[in-house]
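Please view the sequence and the model together while reading the points below.

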Amino acid sequence: MKMQDLLNELKKENNFRTLKRFKNDGKYVLYDGKKLLNFASNDYLGLASSGELEREFLNTYKNQSLSSSASRSLGGGGDEYFLFEEYLSSLYKKEALLFSSGFLLNYSCLSALATLKNTLFLADKKVHASIIDGIKHSNFKRFKHNDINDLEKLLQTNLNYEKIIIICESLYSMDADFAPLDKLLELKKKYKNIMLYVDEAHSIGSLGINGLGLGYLKDIDFLVLTFGKSIASMGAAMICSKEAKDFFINKARGLIYSTALPPINVAYSHFVFSKLANFDKKREHLINLSSYLNDLLKDKIKGVSYIKMIVLGDNEKANLYSAKLMQKGFFAPSIKTPTVAAKDTGIRLSINANMDFSDLDNFAKAFYEI
C-alpha cells in the first residue's frame with residue numbers, strides 16, 4: 001500500500017495523528033489561544049511543571065555540558081554518569097546502567113537477551129510497545145493481563161526452556177492498574193528457571209518507599225527506571241546484576257551505538273533522585289486526588305492510581321469527547337489504536353500533584369455536561 005493510501009485510511013478511521021504546538025504554563029498548557037488544565041502530562045509529582053527544582057539545580061550546577069558528543073563506550077561517559085550509577089546502585093543494592101530513554105532501554109536490553117539460546121519471554125498482554133518491539137523476533141508468548149493462572153499454564157507447558165523471562169509493568173500506563181508483583185515473585189520461587197523483568201516507568205518517583213518504585217529491593221532480575229515522568233528529567237536506568245550489566249554494555253545495541261545522555265540531564269536526574277524522599281506530601285496528595293476523582297466519576301472511570309482511563313470504545317467518540325473537553329478548558333487527548341485495543345479507546349487522564357480538588361470538581365462537571 002502507498003504511503004498516502006495508508007494516511008487516508010487512518011483519517012477514514014478517525015485515527016490520524018497530528019502534532020500540536022503547546023506552551024507549558026504550570027499545571028496548564030496554552031494552546032490555540034486557550035489555557036487548558038493539562039491531563040496529558042506524565043509529570044505526576046508536578047516537579048517539571050513547577051520549575052522550582054530545576055531553578056535550584058541550575059543555580060547550583062553552573063558548569064554542566066549540554067552534549068556528551070559520543071556513546072558511553074567511546075568518549076561519552078564522564079564523572080556524572082558513574083556518580084549517578086553508583087548512587088542508584090547504593091539505593092537498589094544492585095548494579096545500574098544508564099540509557100538515553102526508556103524505549104531505547106527496553107528495546108535494546110530485550111533484543112540483547114533474545115540472543116541467548118533456549119530463552120523464552122512471557123509478556124503481559126498490556127506491556128508497552130518498546131517491550132514488544134524488543135522481543136518480537138524472539139521466542140515469546142503473551143499471557144492475559146494480570147492473569148497469574150494463565151501465566152502459570154504457559155509456564156508449565158514451556159519448562160523445557162533453559163531460561164524463561166516474565167515481563168510486566170508495575171503500573172500499567174493505559175489500564176492504570178498494578179501488576180501482581182508478589183504473586184510473580186512466588187512463581188519465581190516455585191520454578192527454578194524464571195527471571196523477572198519489571199518496567200517501573202509510571203511508578204518510579206511517585207510510588208513505593210521514598211518514591212523508589214514498587215519493585216524496590218524485591219528479588220527482580222531486571223528493574224527498569226525511567227526519568228522522563230515523575231523524575232522530570234530524561235533517560236532511563238537498568239537495575240540488574242553485575243553479570244547482566246556487563247552483558248548489556250557489550251550487547252545492547254542502543255547503548256553501544258547511541259550518543260550518551262547530555263551530562264546536564266544525568267546530573268539533574270541524580271539531583272532529583274537525591275531529593276525523592278522529601279516528596280511524601282506530594283505522593284500523599286496524589287493518592288488523595290486519585291481517590292477523589294474516582295468518587296466523582298464512579299463507574300465512568302477506571303484506574304486505581306493517578307492514571308485514569310475513560311473507556312469509550314470508539315475512535316470518533318473519543319475524539320469528540322476530547323474536543324468538547326478542550327472547549328471547556330481541559331486538555332485530555334483521546335487514546336486510540338494501536339496504543340490500546342479498539343474496544344479500549346477513550347480518554348486518558350494523568351493527575352498532577354500540583355492540581356487541587358476544585359480542578360477535579362470542574363473537570364467532572366464538564367465531563368457530565370457532554
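Which side chains meet in a salt bridge at 2.9 Å, N to O? They are those of aspartate 175 and lysine 126; a salt bridge is a side-chain nitrogen of Lys or Arg within 4 Å of a carboxyl oxygen of Asp or Glu. The model is predicted, so local features need pLDDT of at least 70 and side-chain atom pairs count only at pLDDT 80 or more, while totals for chains, interfaces and linings use all residues. Residues are numbered from 1 along each chain as its sequence is written, and side-chain values use heavy atoms, leaving out hydrogens and water.

**Salt bridges**

- The whole structure contains 21 salt bridges.
- Aspartate 175 lies in the loop between β7 (163-169) and α8 (181-190), and lysine 126 in the loop between β5 (119-124) and α6 (129-135), so their pair ties together parts 49 residues apart in sequence.
- Helices (H or I, at least four residues) and strands (E, at least two) are DSSP runs, numbered from the N terminus.
- Aspartate 175 is buried, at 15% relative accessible area, whereas lysine 126 is partly exposed at 29%; buried means under 20%, exposed over 50% and partly exposed in between (1.4 Å probe, protein chains only).
- Lysine 343 and aspartate 344 form a salt bridge with their closest N and O atoms 3.3 Å apart.
- Shared partners join Lys126, Asp175, Lys302, Lys343 and Asp344 into one network of salt bridges.

**Strand β11**

- Four of the five residues of β11 (residues 307-311) are buried.
- β11 pairs with β14 (residues 346-350) in the antiparallel sense over five bridges; pairing requires at least two DSSP bridges between two strands.
- Isoleucine 307 stands opposite serine 350 in β14.
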